[in-house]
Amino acid sequence: MNASDRISADKHTPMMQQYLRIKADYPDLMLFYRMGDFYELFFEDAERAARLLGITLTQRGASAGQAIKMAGVPYHAADQYLAKLVKLGESVAICEQVGDPATSKGPVERKVQRIVTPGTLTDAELLPEKTERPLLALNVFQHRKGVVLGLAWLSLSSGRLRLTELMMDERNLSSRLRHELERIAPAEILVDARAADLLNSSNSPRPTQVADWHFEIPAARKALCEQLGVVTLAGYGADALEAAIGAAGALLLYARNTQGKQLKHVTGLQVEREDEFIGIDAATRRNLELTEPLRGSDTASPTLFSLLDHCRTAMGSRLLRHWLHHAPRDQITAQSRHSAIEFLIQGNVSEAVTELLASVPDIERISTRIALLSARPRDLSALRAGLQQLPALQQALSAATSLGMPDLIEQTRTSLATPDESLALLERAIAPEPAAMIRDGGVIAQGYDTELDELRSLSENAGQFLVDLETRERERTGITNLRVEYNKVHGFYIEVTHGQVAKVPDDYRRRQTLKNAERYITPELKAFEDKALSAQDRALTREKHLYETLLQALAVHISELQRVAQAVSLLDVLVSLASHAARHQWCKPQLVEQAGIHIAQGRHPVVETVIERFIANDCQLTTDRRLLLITGPNMGGKSTYMRQLALITLLAYMGSYVPALEANIGPIDRIFTRIGAADDLASGHSTFMVEMMESAAILNGASERSLVLMDEVGRGTSTFDGLALAWAIATALLQETRCFTLFATHYFELTQLPQRHLGCANVHLSAVEHKDSIVFLHAVQEGPASQSYGLQVAQLAGVPTTVIRAARRHLALLEAQSTRSEGQFDLFSMESMASAPEPDSPASSVMPDETQPNEMLLNALAEIDPDQLSPRDALDALYRLKRLADDSNADQ
């Protein structure tokens, strides 16, 4: 029986009727229903919560003949359960008691106060510290030129609202959407009916579907203008982005409904253009391991983000993550960051600034909670401590002004100006060490409010008042054994033994008669009782009122707090990058207008920190040298060499120093990678299909200013198919796309490309053989490699010796079959294709006698292990081989 069926029944208890009415408004959400010290869940919600949270499912009583299944969590521990549910993608409605149980004749009045969904989190306990969890709305328009994709996303915890619009062919819609979703990484996606079908077909996260009218453009435009306090969106460059405006309208409506209040901290709008950042598709983000390890987020493998993140504030870490995924194409932005890092290194101010930043809390998220009136007392005490560091931060930056302060540092220093009114209010209002929750009291500072101080004094000094009263009454009455006491039943009283009753004054009023004594109350004691017994409750009520008023007063200064948060996070990232660059001898890159990439002694930023000695290598790409064909042994360092070039380029445009001796980089619009092998079983795509899809995306999307990394293209199919595809793809990148390309391969036939096409060059990763083993030198040298050393690598991997020997025998046979006197066999020459035997001819399986090797001779040779032979044994083996050779010649 569902909630809508149950609500029609009149046989339920009043409390269950109330529950069912509220649940009917939120049928798809779990309902946390406050009952005393617990949040209870009933019926299907209870069963689901018990399964997901591992809590006890009970059954108590019945309502309308139905057994009531229920489960509950303590209200003071609710956050940890909410965090687990949100991580599992669940949304929860929080229903609180808003009525007074003492005055309620029926069930206590309850209302849903807030809704917790994966994309609308603001509580520190529910949010990952170093990651944004944006809420995204998706709007799809059909246009005569194709499909318009409108995206709007809001990080509710920071107040940042962004829009973008993409025009594309319908055939590319699914892949482009997947790339954008991976870039934005939303925690929750809002869609209408059409967009829901699109997401379901692209293996995207499960969406939250809302009514189509939420995306109506006129209402959305009005809502967006009202939120920003403007009459037109032209100033933001968003006036013509109708699909994105529709998405933003749905976004704001949903966010307001979940929070139950206006979003005062959402005061700005940023429009992202398709050509604003260096394009990085989903495959490239994974292959370069920017923020997530290639083998999954559960592994402890280092990433570029984990390497660079020396930030002392959580908001700095989040900004660094954003920079890694949004490197601007505009060289001026990156160059201003380079200059700021140079200033911090040369001025030697990073250490002092880092120490000060350690005392600064997450002002960005605290500001949001202030705006939503949900900040906790320790949020405010931490904010106070952080704001108190701002003058020292400004002073630390000013200490190196003799070097000439770059514009970015000067702007940051100015933005670090202390919001004096906010700080003064916090210093006056908040206790030095406030309680964790306002319900516990002890949050408002002594001296901030006279009425609160009096109430606290009454509550805290009741004992002293009673002692003083007892002393005075003994002196006034002459009753030496008179006592002033208190109990919970009768309250305060004056106790006099029966033998002293005659001395009792007229203003004493009898309260209780005991066997041996009488208990009295006086007007003075009654007045004190009224004050004292209610003082604690009244003090707590007063404190809650003052705290709410304080949050409202601070909310007026949200824009100032956000300005400080942005300046602190920017400074934190710059100091983090400067510290890392100085520690690891990174250099300041030069971004130039001339096309090309020149790296001297480049290193992989992550790998160099995890191995003892990293071999640095040069890379030279120019308009006359656009494609480097990279050969060399497995494990020789080809993939590392390719990835380090992409990471150095990305770091330079992000605004960081780079791991190299020197770096000169021209304009770059996109970075593509085709590295590694993995299937996509969920989409029904094999390893080779995924490889070809990624290759197709590169061929269709790359331009002359793109950097492309292609690693072992064609290995997922037959040798000749793979070789033919690799040849054709390399040729297309070289002649048609004309992008800058690193093309690694084990197809040695491809090393002839430089002889046939200008702009192509061979390089290889060197290695040397020692006996039957191999030593990788990891040095990049001009020219092609001589071999792949596959068997030696297999031996290093622990493949059994018997298998290696068998492989050597078969390798000798294959090499004997393919060797020609004129050099390496050319699969692409007309001569070789003309002389190739027909598949069904005898020559295709049996070689002529004059070239057929003697199998007995090869087997005997394969069985010899030179390292294990003494000089005498070696001589005997040589004679044995000679006899076998003679016998073979005699037979022929």
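Strand β21 (residues 625-631) and strand β25 (residues 740-744) run parallel and are joined by four bridges; strands are taken to pair if DSSP finds at least two bridges between them. Within this pair, Ile 630 stands opposite Ala 744 in β25. Seven of the seven residues of β21 are buried, so the strand is largely enclosed by the rest of the structure. Buried denotes under 20% relative accessible area and exposed over 50%, with partly exposed in between, for a 1.4 Å probe and protein chains only.

The model is predicted, so local features need pLDDT of at least 70 and side-chain atom pairs count only at pLDDT 80 or more, while totals for chains, interfaces and linings use all residues. Residues are numbered from 1 along each chain as its sequence is written, and side-chain values use heavy atoms, with hydrogens and water left out.

The protein contains 31 helices and 27 strands. Helices (H or I, at least four residues) and strands (E, at least two) are DSSP runs, numbered from the N terminus. Of the 892 residues of the protein, 49% count as buried. Among contacts with a separation of 6 or more, 67% are between residues 24 or more positions apart, a contact being heavy atoms within 4.5 Å.

Strands of a sheet pair through backbone hydrogen bonds, either parallel or antiparallel. Two bridges pair β18 with β22 in the parallel sense, and Leu 591 stands opposite Ile 665 in β22. The pairing of β19 and β22 is antiparallel, over four bridges; here His 598 stands opposite Asn 664 in β22. Strand β19 (residues 597-602) also pairs with β20 in the antiparallel sense, over four bridges, and Gly 602 has Asn 617 in β20 as its bridge partner.

In a regular strand the side chains alternate between the two faces of the sheet. Strand β22 (residues 662-665) has a covered face, made of Ala 663 and Ile 665, and an uncovered one, made of Glu 662 and Asn 664.

Another open sheet is formed by six strands in the order β11-β10-β7-β8-β9-β12, again with mixed pairing. The edges are β11 (208-209) and β12 (270-271), each with a single partner strand, so one side of each is left without a neighbour in the sheet. Strand β7 (residues 135-143) runs parallel to strand β10 (residues 188-191), and three bridges join them. The bridge partner of Ala 137 is Leu 190 in β10. Helix α5 (residues 173-184) packs on this sheet and touches β7, β8 (146-155), β9 (160-168) and β10. The direction of α5 makes about 15 degrees with that of β8.

Two packed helices are described by the angle between their axes and the distance between the axes. Axes are lines fitted to C-alpha atoms, for helices over the stretch in contact, and angles run from 0 to 180 degrees between N-to-C directions. Helix α7 (residues 217-228) and helix α8 (residues 242-259) pack at an angle of about 65 degrees, with their axes 8 Å apart. That makes α7 roughly perpendicular to α8; angles of 65 to 115 degrees count as roughly perpendicular, under 35 as roughly parallel, over 145 as roughly antiparallel and the rest as oblique. The crossing of α7 past α8 is left-handed, the near helix being turned anticlockwise from the far one by less than a right angle, whereas clockwise would be right-handed. From α7, the contact includes Ile 217, Ala 220 and Arg 221, which are among the residues that meet α8. The contact residues divide into seven nonpolar, three polar and three charged. Ala, Val, Leu, Ile, Met, Phe, Trp, Tyr, Cys and Pro count as nonpolar, Asp, Glu, Lys and Arg as charged, and the others, Gly among them, as polar.

Helix α24 (residues 687-701) and helix α25 (residues 719-737) pack at an angle of about 15 degrees, with their axes 11 Å apart. That makes α24 roughly parallel to α25. Phe 688, Met 692, Ser 695, Ile 698 and Leu 699 of α24 make the contact with Leu 725, Ile 729, Ala 732, Leu 733 and Thr 737 of α25. These residues divide into eight nonpolar, two polar and no charged.
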